[in-house]
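Work through the exercises below with the model open beside you. Try each task before you read its solution.

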Amino acid sequence: MIIVSQLTKTYGKKVQALRGVDMEIGSGMFGLVGPNGAGKTTLMRILAGLLRPTIGKVSVLGNDVTTGRGKKAVKELLGYLPQELGLYPDLSALEFLEYVALLKGVTDKVDRKKQLEEILELAGLTQDARRRLRTYSGGMKRRVGIAQALLGKPQLLIVDEPTSGLDPEERVRLRNLLAEMSAHCTVILSTHIVEDVSQSCNDLAVINLGQVLFRGSAGDLIAQARGHVWNLATSCERPEASLTVVSTMQLENSVHYRVVGNPPGTSKAVSVEPSLEDGYIWLMQKSRIQG
Amino acid sequence: MKTLWQIFAVARTEFRFGLRRGGPVITTLLSGLVFGAAILLNPLANLSMAKDDLNHILQNPTVIEKWTEKGYTVDIYRQTAAGSIAEMTVFSVPWAWFTLLLTYFLLLPAATAASLPADRSFGVAELLHSTPISGGSYLAGKVLGVGLTVGLIGLIPLGLFFGVLEGSFLYAFQVGVPADVVGFFFKFALLDGLPILGWGLTIGILAGSIFRSRRAAVFPGLVAGILSIFFWLAAFSPPDLPFMQLDMAAYYLLQNYHSTVLDTLAKLTGFPSPPMLGKGAPVIGIERVIIMYLIIAISLFSLAGLARLWLKWKENF
């Protein structure tokens, strides 16, 4: 269980990345969604014990991460994939993963070898394990990042924007892998790609400008947007400015829009069942209107 | 036990990088070669003269007859000739010692300062900090890894030095380098060269610990090295010697050096072999050398403590 209460993080004197965040996260897979600059990475880094909060309390699996002892205890249980992961270009994937395994305390040689073999297999890197990382593609590097996070059998897995830069096939594969992991540990998936969350997380939070805008299930978020998503076919004119265009399809004689917002002032609009992405956009739109 | 494994892991990775990176390797090689050359310059310049003298004696029946009467064989001539050049080689140390300090402190810290910033510029630092390794173990691993690289590479100029010396002696006198000279240089490398090397690489790593890019760390490393020269000379200078610059460890080793070959020659000729540092040179005890090592250790641990605090404050590590 992760309990965050009144969490505030200020960089310097002016930039407030988190503003009094309260949140409880249980076991399983949890999605944290928000636009770039919402405060997701700051929250992830605080949970991982990498950043000190300015104000507030954070308990991760019973450990207070604001204390030295608690921070160390959390790191013993943690698998972490940072948003911007770099790798040593001159090491092979195997060398790099062995390095991380030792840092995580996997000191038994037999156990380490077994874990490395399993994780390389899981990440689909067995064939390329001895190649220098400088020769890897972006997707392969991301998979190395995931593999290192899984080392040491973590009880808490924090992955920050894991699918950025991956092709569709790799994204699906990664989402499935994280979903499988969530059977054994708590997985926190932070992303700005709503589709990633919609495919794997039932429990989620939406964050923007350092504040939690929504906390609940995917179904609840979708339900909020019901009656605010429309299909609109026009000959040429664009939808009203107050509507957010989710998709545009140019056909031979008309343009089909999918829009989110309050009922448009045209009879041609047809209300449709919202998706999680529509729910997210409706929420963001509401928060902008409310200021 | 886990901490030791973590230190080992950081050290091993740093060692792998150290060997693949140019900076510390080239610096160590260059500095070692320059210092070795500075020591060998004078003895090698006098080698042919000593060889000619030896040949002259060996062709002089009167001298041979006189010494044979005293029970000495021809080998003693070779050994004493070799001994005089050996003595000259050891005596070159006080004249060349400042080169050692200058090259290692000017170049090495600038080369090793990139060690910590490299993790930041590669984007690996955040990941490393998320593992249970402590900042202290991380720093220790870095120093150990760079130390292993520099120590291993340092063996190359040391080996070359002994190789050139041995080859020259065999060529000129048909005898190898006297064992006491080999012993002296081993002791010198271990008891004075290694602390200088250790200080140079550690001060560089610590100076670079606050920077994010490898390039930004080079200049502070250079400055730390220059300041180290002044610190070393101020803190560890032995009693005044004209025209010489040494530290306590080097002074102590030279003070206690005795050439057995030249002692033999002294017995033969009746003229005592002068002490290496000259007659009347002040004598220092081993406690002065131990204090020097303690100051080095305490200073480095204090600076490492500051770097550790910096990592904790700035990166919550």
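**Exercise 1. How many of the eight residues of helix H1 (residues 40-47) of chain A are buried, and why is the helix largely enclosed?**

Some ground rules come before the solution. This is a predicted model, so local features need pLDDT of at least 70 and side-chain atom pairs count only at pLDDT 80 or more, while totals for chains, interfaces and linings use all residues. Residues are numbered from 1 along each chain as its sequence is written, and chains are lettered from A and ligands numbered from 1 in the order in which they are written.

Step 1. Helices (H or I, at least four residues) and strands (E, at least two) are DSSP runs, numbered from the N terminus. A residue is buried if 20 or more other C-beta atoms lie within 10 Å of its own, exposed if 12 or fewer, and partly exposed in between; C-beta atoms are placed from the backbone.

Step 2. List the buried residues of H1(A): Lys40(A), Thr41(A), Thr42(A), Leu43(A), Met44(A), Arg45(A), Ile46(A) and Leu47(A).

Step 3. Conclude. Eight of the eight are buried, so the rest of the structure largely encloses H1(A).

Step 4. Look past the helix. Gly49(A) follows H1(A) and has a positive phi, near 80 degrees.

**Exercise 2. Find the order of the four strands in the open sheet of chain A.**

Step 1. Define pairing: two strands pair if DSSP finds at least two bridges between them.

Step 2. Read the order. It is E2-E1-E4-E5 in chain A, with antiparallel pairing.

Step 3. Find the edges. Strand E2 (15-25) and strand E5 (63-64) of chain A each pair on one side only.

Step 4. Check one pair. Strand E4 (residues 55-60) of chain A and E5(A) are antiparallel and joined by two bridges. Val60(A) has Asn63(A) in E5(A) as its bridge partner.

**Exercise 3. Trace the partners of strand E9 (residues 203-208) of chain A.**

Step 1. Take strand E3 (residues 29-33) of chain A. It runs parallel to E9(A), with four bridges between them. Leu32(A) is opposite Ala205(A).

Step 2. Take strand E10 (residues 211-217) of chain A. Six bridges pair it with E9(A) in the antiparallel sense. Here Ile207(A) is opposite Val212(A).

Step 3. Inspect the turn. E9(A) and E10(A) form a hairpin with two residues between them, and Leu209(A) in the turn has a positive phi of about 50 degrees.

**Exercise 4. Decide how helix H3 (residues 47-58) and helix H5 (residues 75-112) of chain B are oriented.**

Step 1. Get the geometry. The helices pack at an angle of about 160 degrees, and their axes are 10 Å apart. Axes are lines fitted to C-alpha atoms, for helices over the stretch in contact, and angles run from 0 to 180 degrees between N-to-C directions.

Step 2. Classify the angle. H3(B) is therefore roughly antiparallel to H5(B). The cut-offs are under 35 degrees for roughly parallel, over 145 for roughly antiparallel and 65 to 115 for roughly perpendicular, with the rest oblique.

**Exercise 5. Is Thr28(B) buried or exposed?**

Step 1. Locate the residue. Thr28(B) is in helix H2 (residues 23-45) of chain B.

Step 2. Count. Thr28(B) is buried because 29 other C-beta atoms lie within 10 Å.

Step 3. Name the neighbours. Not counting residues up to four places away in sequence, Thr28(B) touches Leu108(B), Val150(B), Ile153(B) and Gly154(B). Contact requires C-beta atoms, placed from the backbone, within 7 Å.

Terms used:
Contact = placed C-beta atoms within 7 Å.
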